[in-house]
Amino acid sequence: MEQSDKPIQIIAVAITVPLRRLFEYRMPAAYPISPEPGMRVSVPFGKSTKIGFIDAVINKTDTNTTRTDTTETQPEIELSQLKEINSILDETPLINPSLINLYRWMHQYYHAPCGEIWQTMLPTALIKGKAEKYTRSSRWIITQEGIVALESDKIAKSAVKQRLILEQLIKTSEGIQHDQISDYDIAYSRLKTLAGKKWIAREYTQQSSIDVESICNLPSSIQLNQQQQQAIHAVELSLKQYQTFLLFGVTASGKTEVYLRLIQKVLEQQNQALVLVPEIGLTPQTLKRFQQRFNTEIVLLHSGMSEQQRLQSWLKAKNGEAQIIIGTRSALFVPLKRPGIIIIDEEHDQSFRQQQGFRYSARDVAMVRANIEKIPVLLGSASPSLESLMNVSKQKIIRLDLTEKAQTSASLDYHIIDLKNQPVNQGLSIPLISAIKKHLKQQGQILLFLNRRGYAPVLLCHQCGWSSHCQRCDIHFTYHHNNHYLQCHHCGSNRRAPEQCPQCQCKEMIPVGLGTERLQETVQQLFPDARIARIDRDTTRRKSAMQDFVTSVHAGQLDILIGTQMLAKGHHFPDVTLVGLVDMDGALYSADFRAPEYAAQLITQVSGRAGRADRKGEVLIQTHHADHPMLHQIIHSGYADFAQYALEERVETELPPSFFSAVFQAESPQLPHVKQFLTEVRQLLDRYSDLKVSLMGPAPAVYVKKAGKFRYQLFLQTASRNELHQLLKLTLVDIEKLKSANRVRWRLEMDPVGDS
Ligand code: ADP
Ligand code: ZN
Ligand code: ZN
């Protein structure tokens, strides 16, 4: 019988639910699109409809089963019981086979639910089921008639908004990109009205073929030094194959210049460059530098953009129209028509680690992706991660050094200020105050770094000792003086600060400890004539705020900058001559074994802001732990020596990156549920004690309570990554089935960093 020989198509679909398995569906007979991995489907799921992602296509006949891959699905179900899909949403797969391979690798390596992974890989608009529709770029410009109308006052008095738009357009020679009109607060309907009057016009960008000759505007002023040439040469030799390089260059040694030269080579080969930068580093400054250099389409991809803008950038990368893609962590998954190179700037930055949902390291995944696509990866930093340095010693990464600043030989003087037994005025020691005075007099800019926003970390009652406390997290509320409120920096909850003690009604409430608001107040009192700005998350909520600060710094309109680590990243402040690290104690006394590494990176980055120009820079570090070995290594022999020593220590103490680790973390408002689940997980893992994986816990997480939930963890540690994977593969199915798993929120994290 012909009918029964016809293969029945089953598709395995990844759906966004916290389960590690796929769901099988039948294809309706004679469906017009043939299913392929990487397409989206709409499927019935329970009582609702969900959008899923085809993971595999399985052809079943009565006699044989052929699968296109080996991903596990649910146990055999009678074919007749499978539901049919509703529809396939795409005519072709959204992502190419390389990215599908990457998806499979991530599924294997991170042991994460498939749905969570594809949700991370695709732009939100596509996850929600929007069409993969590419709109050609266009911009709005003012016409000659428009200019005349504006100048001759032809516009109705009441049409204030229309006038504003014309004024805005006349200011910009290149007009306003259509996909940015909302950034300018312009309504599309008004543009249409103005276009109807012929006062403005919409111009569609011509897609010109790439002209290799004129792709780049090389500055004549820069003669590459020998180290830069060597670095460029080394990477250039690998442009068509996989190899990861670490460009270890001090701040301002010309790393970006090396990136630009390599991108030029990539573009000349008609290929695309993907550049990842830290969240905060994605400043207009970076973009401007790239735009000035290249006459080619550059697109951005970051969370500050709208869903539609991101989708359009994604599509331009996919269809090859964009030659350079600059983005933050998640831009790593953008499809590239002709991949050429992946560059990760400030590779040590913690923003390259996703800390929500599907947790992955963009650095590690970039290396895997590049390996699949046969292209090089270039990691750059003045303070590389120990992970990358370890890979250098294992010869998985080639290290390239830039040891000198490119434009200046001005050096940095470091001083450690031992706070023990010193008089301290609201966090400022006398040597730091005198240094500020001196640099103000010499008209140098000053940067004071304190990684704690708000006024004070505690508000307490002078009479009875009551203190402001977030009960959901078991930590103190931070007191914010400006709007007189308390905020938990952990769960974000906030309330008005009490005028009097809730316990004894005493009116004397005292803020204890130091935050950036208070530091600003103190500095202003000490230096009433200085122009001071505070740069932290509270003062940079507005979209353009950070850029406005940077502009004022460059224009010399500010003398003292006070800020959190936002200030430490990526910005070039050539006139800063003094950097003060107001409080390094938190970092030096932390229980996290990575704290010294992070602190060393921070000191390197923050002090890199000073001494860029020809003037000598000074760095003052205040601490009660003045004899901490890390401080002395950084100051006397530099980050490289510190890192070498720290790596040896990690090997001796069997900690990452020398050892491999994973963690099960669970949380719930009910402490016993959390403990029970992790205890049962441990019992399941203990069954395979022949595998050489040590288990630690269940134990409380560093922050044992957050937003009303108790948090515990179970650590896995091993010298053998394979055995760790084997153990997880053997147990995860059973762990998911535990009854106690339904009473908690839990996750498994590979190569975890810190507690979050
Ligand atoms: P990094 O990325 O390491 O901080 P940059 O590439 O931004 O360093 O370089 C710092 C400054 O030095 C920039 O203004 C850059 O244009 C300039 N520069 C880079 N290389 C050279 C060179 N070989 N000669 C002169 N100036 C250079
Ligand atoms: Zn009281
Ligand atoms: Zn809280």
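A salt bridge is a side-chain nitrogen of Lys or Arg within 4 Å of a carboxyl oxygen of Asp or Glu. This is a predicted model, in which local features need pLDDT of at least 70 and side-chain atom pairs count only at pLDDT 80 or more, while totals for chains, interfaces and linings use all residues. Residues are numbered from 1 along each chain as its sequence is written, and side-chain values use heavy atoms, with hydrogens and water left out.

**View 1. A network of salt bridges links E347, R363, E387 and R594.** Within this view, R363 pairs with E387, their closest N and O atoms being 4.0 Å apart. R363 lies in helix α12 and E387 in helix α13, so the pair ties together parts 24 residues apart in sequence; helices are DSSP runs of H or I with at least four residues, strands runs of E with at least two, numbered from the N terminus. R363 is buried, at a relative accessible area of 11% (buried means under 20%, exposed over 50%, partly exposed in between; 1.4 Å probe, protein chains only).

**View 2. E736 and R20 meet in a salt bridge of 3.1 Å, N to O.** Helix α22 (residues 721–737) holds E736 and the loop between β1 (8–14) and β2 (23–26) holds R20, so the contact joins parts that are 716 residues apart in sequence. E736 counts as buried at 18% relative accessibility, and R20 is buried at 15%.

**View 3. D538 and R453 form a salt bridge, with the closest N and O atoms 2.9 Å apart.** Both residues, D538 and R453, are buried.

Methods. Chains lettered and ligands numbered in written order.
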